[in-house]
Amino acid sequence: MIDLDHIRRLLAERRDGFSLPQGFYVDPAMHEADIKAVFEADWLFACNVCEIKQPGDFLTLEVGPNPVVILRDRDGEVRAFHNTCRHRGSRICGKEKGRATRLVCPYHQWVYELDGRLINARQMPPDFDRDGYGLKPVHVEVICGMVYICLAETPPDISRFRAAVTPYIKPHMPDRTKVAFEMTLIEDANWKLVIENNRECYHCAGNHPELLVTLVEFVLPDDEQGRKFQDLLARKTSRWDQLGLPHRPAEGGQEFRCIRLPFHEGMLSFTMDGGPACNKLLGDFTEPDLGSVRMFRVPNNWNHFLSDHIIHFRILPLSHDRTALRTTWLVHEDAVEGVDYDVERLTQVWIATNAEDAELAAVNHRGIRSMAYEPGPYAPSEFMIRNFLGWYAAKMESFANPHAPMQVAAE
Amino acid sequence: MIDLDHIRRLLAERRDGFSLPQGFYVDPAMHEADIKAVFEADWLFACNVCEIKQPGDFLTLEVGPNPVVILRDRDGEVRAFHNTCRHRGSRICGKEKGRATRLVCPYHQWVYELDGRLINARQMPPDFDRDGYGLKPVHVEVICGMVYICLAETPPDISRFRAAVTPYIKPHMPDRTKVAFEMTLIEDANWKLVIENNRECYHCAGNHPELLVTLVEFVLPDDEQGRKFQDLLARKTSRWDQLGLPHRPAEGGQEFRCIRLPFHEGMLSFTMDGGPACNKLLGDFTEPDLGSVRMFRVPNNWNHFLSDHIIHFRILPLSHDRTALRTTWLVHEDAVEGVDYDVERLTQVWIATNAEDAELAAVNHRGIRSMAYEPGPYAPSEFMIRNFLGWYAAKMESFANPHAPMQVAAE
Amino acid sequence: MIDLDHIRRLLAERRDGFSLPQGFYVDPAMHEADIKAVFEADWLFACNVCEIKQPGDFLTLEVGPNPVVILRDRDGEVRAFHNTCRHRGSRICGKEKGRATRLVCPYHQWVYELDGRLINARQMPPDFDRDGYGLKPVHVEVICGMVYICLAETPPDISRFRAAVTPYIKPHMPDRTKVAFEMTLIEDANWKLVIENNRECYHCAGNHPELLVTLVEFVLPDDEQGRKFQDLLARKTSRWDQLGLPHRPAEGGQEFRCIRLPFHEGMLSFTMDGGPACNKLLGDFTEPDLGSVRMFRVPNNWNHFLSDHIIHFRILPLSHDRTALRTTWLVHEDAVEGVDYDVERLTQVWIATNAEDAELAAVNHRGIRSMAYEPGPYAPSEFMIRNFLGWYAAKMESFANPHAPMQVAAE
């Protein structure tokens with residue numbers, strides 16, 4: 001049972017610029033609140049369209065207790081449904097990915113069209129009204145190849161995000177990609193700690209040797225390192241300006257971030273030596289030195305768009321202390337494995353980095369359980385966590401005060 | 001803690017002919033309510049008497065948190081006790097089956113007679129009153145070789161069941177059997193979904209190829225298939241009438257079902273080819289073509305009695321989403337393995353069928369967890385589930401309204 | 001959530017001389033109450049000083065949800081801290097044992113001195129007040145080489161214990177030992193059942209053949225066995241009196257026990273044949289026939305001090321039904337493995353005994369879950385359990401009645 005009073009008390013304790021009060025991270029009951037207030041209410045990144053390319057292709061996921069199926073209809077439309085039979089509630093599609101001409105419940109073979117209509121329910125009486133028993137729809141938006149879903153009855157507006165990120169991502173032509181590799185990692189940590197971990201690179205120097213071959217850690221503008229980075233940035237962005245590739249930070253507020261940033265001089269892609277990961281570049285690119293478009297959106301994804309591949313990261317909470325991270329590596333749809341790219345070379349930096357982050361999130365979670373824990377101060381370089389927690393607090397505020405005058409979340 | 005208000009609200013939402021409101025299946029707290037309202041209150045099928053043939057033979061099981069031991073006393077009586085020492089509460093018998101001259105607690109060796117009396121408690125003071133510390137008895141009834149137990153102080157009446165089923169089962173002489181094979185399967189589903197699965201064959205065509213070699217799926221009386229089945233039934237039952245074997249449905253109401261039904265023409269037993277599973281027939285039978293007596297009783301068993309073997313199915317809930325299914329295959333006590341029967345041939349149909357059903361129950365449970373779940377309509381062929389849920393709702397009604405005027409459950 | 005009313009009701013049901021009401025042992029919520037009322041309030045045995053001999057040596061443990069690190073500072077002092085970073089709460093030291101010049105959080109490399117001061121927090125703003133973010137201290141007392149910690153703000157007095165046990169233990173010179181072997185066993189039982197099991201030898205005859213080679217089980221003073229034991233005791237204690245080794249029971253009340261008792265005649269140490277376990281005796285001993293100083297202290301340790309080795313037993317609850325038992329075998333710091341002692345010979349009696357006790361505690365726990373459980377009477381030989389439960393009840397009484405006039409626990 002969700003105790004709204006408890007949530008209100010925790011919100012009252014929260015101080016901006018500090019990590020959250022303990023209960024938000026470690027109370028088992030907070031999982032249900034987070035599912036309802038966030039994951040059943042917001043747009044969630046689900047997958048890339050290339051994972052459901054052909055009519056009948058489907059992909060499943062579970063948002064908290066809710067099985068969902070996303071599919072490509074015969075007319076080419078991407079649709080999503082609650083993956084739950086209207087007869088006795090069975091989960092319909094069991095595999096994570098597959099292809100089907102129609103959705104047939106394994107239990108009693110009720111048959112649904114790819115648009116959700118119930119078209120056959122054998123043994124039901126003649127007066128049975130099939131029209132009242134179609135699959136319940138889930139909202140879908142496809143934005144630059146990324147499939148977003150929303151389980152809420154009335155989804156929030158996602159048009160600002162779409163408009164803002166499209167110019168950055170579209171040149172990478174994410175529609176013309178394929179999955180080279182995918183993996184799911186279960187992290188022993190609350191999902192908010194997984195997101196916090198992603199929102200700063202303060203921890204990179206001490207933990208991510210593989211990633212720092214390429215990635216420039218946060219630098220202060222005024223010191224020696226900062227000045228060098230400004231020079232690098234100026235050189236790279238003038239080239240990107242020539243190519244018509246936007247790079248300045250988009251206005252995402254607390255909702256999202258989108259920016260193109262350079263790698264270290266001479267580094268082109270997320271590999272152990274910084275060299276290319278795929279010889280066939282994405283879209284129409286001929287210039288490999290494009291740094292990466294770094295994107296994230298609350299509550300559940302971050303993404304890198306490089307000249308030669310795309311990486312999507314998607315999280316879904318499993319319980320208050322377990323979170324699933326799904327990572328997909330996409331390359332040009334015509335790239336040939338063994339010729340244009342090697343899966344190990346393509347994936348090793350982020351497989352290592354993900355494992356390192358999973359360990360950090362887990363020890364973070366364990367330490368927060370202590371009676372000695374009290375919210376601590378974020379460093380200035382952790383400003384993106386402050387945005388995340390501001391957004392989260394506003395969500396919980398609305399959830400815990402359902403009849404209060406509308407909170408205007410700075411989203 | 002059990003919230004009776006919550007149960008009352010769920011009962012008020014229930015619609016006859018539809019699956020239960022979500023909470024009955026997926027709320028973790030409902031497990032405790034089901035244990036108290038059903039499993040600590042009703043008669044439960046435990047085992048066959050042939051499993052405790054000799055004096056001192058015992059068999060243990062756990063009904064929710066309650067360890068129980070069933071044994072054969074020196075005088076031949078079957079008795080059952082709470083398997084919990086009266087000293088400091090240790091479980092006494094640890095093995096699932098065994099033989100003992102007396103029950104000795106492993107902790108401090110308090111010794112109990114097979115009738116439950118405490119006969120030795122070393123180191124206790126001279127004035128210690130052993131008579132006050134015998135094992136607490138559990139009610140037992142043996143009905144056609146089936147051992148039923150009841151943990152309630154005052155057990156409900158089981159005589160109607162005994163009287164009704166005896167004529168069907170007795171000719172199979174279940175007392176003169178032995179266990180050829182037994183196995184326990186843990187299903188990832190609420191126990192009510194395991195029972196619902198057992199109460200209809202609407203799902204058989206799509207899921208049970210092994211079973212349908214023999215079993216006739218539900219047919220509508222008026223169609224072509226129905227007319228063929230009526231012919232088959234007429235032929236078989238006239239033979240059974242000659243043999244004095246009852247076959248028409250017993251009047252079990254919501255409590256139980258008992259009926260003899262034919263297999264497909266030419267099919268004799270639950271094997272992959274429909275041929276005999278054991279060459280030595282049960283009891284005094286000489287006719288192998290007896291179809292099967294199909295019996296079930298709420299809340300926890302279903303059973304098949306064939307000409308050549310008996311199968312008992314017993315379920316016990318482990319938690320709100322895990323259920324143990326124990327299956328025992330019995331053959332004539334004089335049948336010789338390798339000569340009269342082969343264990344693999346005897347068991348393969350139902351090992352496969354149980355595994356298929358376990359998967360269906362598990363995906364049923366997963367789908368019901370969804371926010372999109374709403375109770376759906378049962379098909380007419382699922383009428384036995386409606387009986388089960390009517391019975392269950394009456395049980396919960398009494399449990400949730402303990403001081404209300406007695407509900408007359410149609411049991 | 002802890003329900004104090006529930007605890008008060010259970011306390012009101014408790015009868016002296018009987019095992020506890022069921023809820024104290026098997027309610028999941030009781031774990032949190034026990035952690036707060038007992039394990040975050042009292043002194044706990046943690047380890048031996050020889051495990052953190054050198055400056056920078058540390059040892060970690062978790063008291064309920066609380067990670068703690070115990071270390072040797074540069075000045076030789078033993079200190080303990082909450083092992084939780086003041087930045088975002090990460091657990092700092094991950095290994096059970098190690099050596100460090102400073103404590104560095106793995107997440108963002110905040111650096112703490114061995115005295116707990118935060119000495120570096122890179123990227124924090126210039127006005128960041130490091131002094132306010134030192135590690136939170138945990139109280140420490142070293143008593144005869146045993147490190148005790150207390151997580152309470154104001155720890156209870158431990159001076160009576162120190163004064164009483166020092167004369168018994170000091171001659172064994174526990175400071176001049178080393179760990180020959182250590183192991184941790186997870187028992188499937190409530191921690192109080194693990195303690196109860198340790199507080200009586202009523203169960204020994206039926207369960208501990210290895211231990212009873214050496215140990216004299218409880219005997220009644222007036223019977224044949226009792227008279228023989230009195231003779232043995234008289235012979236041994238007159239020798240110990242000559243050596244100046246105290247042996248009579250210390251006045252520990254419900255808090256602790258300390259006594260030197262003989263082994264069976266001719267038996268010197270906990271080995272399978274009763275012969276020595278280590279040829280190099282502890283401290284300055286030349287006499288190997290010293291029986292053992294048997295010590296325990298509520299809530300979490302028991303210990304044996306022999307002529308040739310010391311064994312520490314430490315329990316910590318993991319949940320309401322899981323308890324970690326850590327056992328360490330110590331020998332003289334100059335003893336050489338393979339020459340003076342053999343690890344298998346040294347450890348086999350108690351490895352076997354621990355395993356036997358773990359099984360007993362687990363079946364005790366399982367049986368107590370039953371609806372048939374009711375508190376049963378302790379035998380006179382179980383008097384030390386009565387002390388333990390009296391102490392525990394007083395603790396829970398104070399916890400459940402925080403504003404009542406101070407209960408004077410006979411501690």
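1. Two residues are taken to be in contact if their C-beta atoms, placed from the backbone, lie within 7 Å. With that in mind, the contact between chain B and chain A in this predicted model takes 19 residues from chain B and 23 residues from chain A. On the side of chain B that touches chain A, helix 9 of chain B, which covers residues 343-368, gives the most, with six residues. Sorted by class, that side of chain B has nine nonpolar residues, eight polar residues and two charged residues.

2. Chain A also meets chain C, and here 19 residues of chain A are in contact with 23 residues of chain C. Which element supplies the largest share of the side of chain A that touches chain C? That share, six residues, comes from helix 8 of chain A, which spans residues 343-368. The residues on this side of chain A divide into nine nonpolar, eight polar and two charged.

3. Where in chain A does A:Pro299 lie? A:Pro299 is found in the loop that runs between strand 13 (292-297) and strand 14 (301-305) of chain A, and the peptide bond that joins A:Val298 and A:Pro299 is cis, with omega at about 0°. In chain C, the peptide bond from C:Val298 to C:Pro299 is cis, with omega near 0°, and C:Pro299 is placed in the loop between strand 13 (292-297) and strand 14 (301-305) of chain C.

4. A:Gln123 has a phi near 70°, which is a positive value in a residue other than glycine. This residue, A:Gln123, sits in the loop between strand 8 (118-120) and strand 9 (137-143) of chain A. Is A:Gln123 buried, exposed or partly exposed? A:Gln123 is partly exposed, because 16 other C-beta atoms lie within 10 Å, whereas a buried residue would need 20 or more and an exposed one 12 or fewer.

5. In chain B, the phi of B:Gln123 is near 70°, again a positive value in a residue other than glycine, and B:Gln123 is found in the loop between strand 8 (118-120) and strand 9 (137-143) of chain B. Because B:Gln123 has 17 C-beta neighbours inside 10 Å, B:Gln123 counts as partly exposed.

Notes: Residues are numbered from 1 along each chain as its sequence is written. Chains are lettered from A and ligands numbered from 1 in the order in which they are written. This is a predicted model: local features need pLDDT of at least 70, side-chain atom pairs count only at pLDDT 80 or more; totals for chains, interfaces and linings use all residues. Helices (H or I, at least four residues) and strands (E, at least two) are DSSP runs, numbered from the N terminus. Ala, Val, Leu, Ile, Met, Phe, Trp, Tyr, Cys and Pro count as nonpolar, Asp, Glu, Lys and Arg as charged, and the others, Gly among them, as polar.
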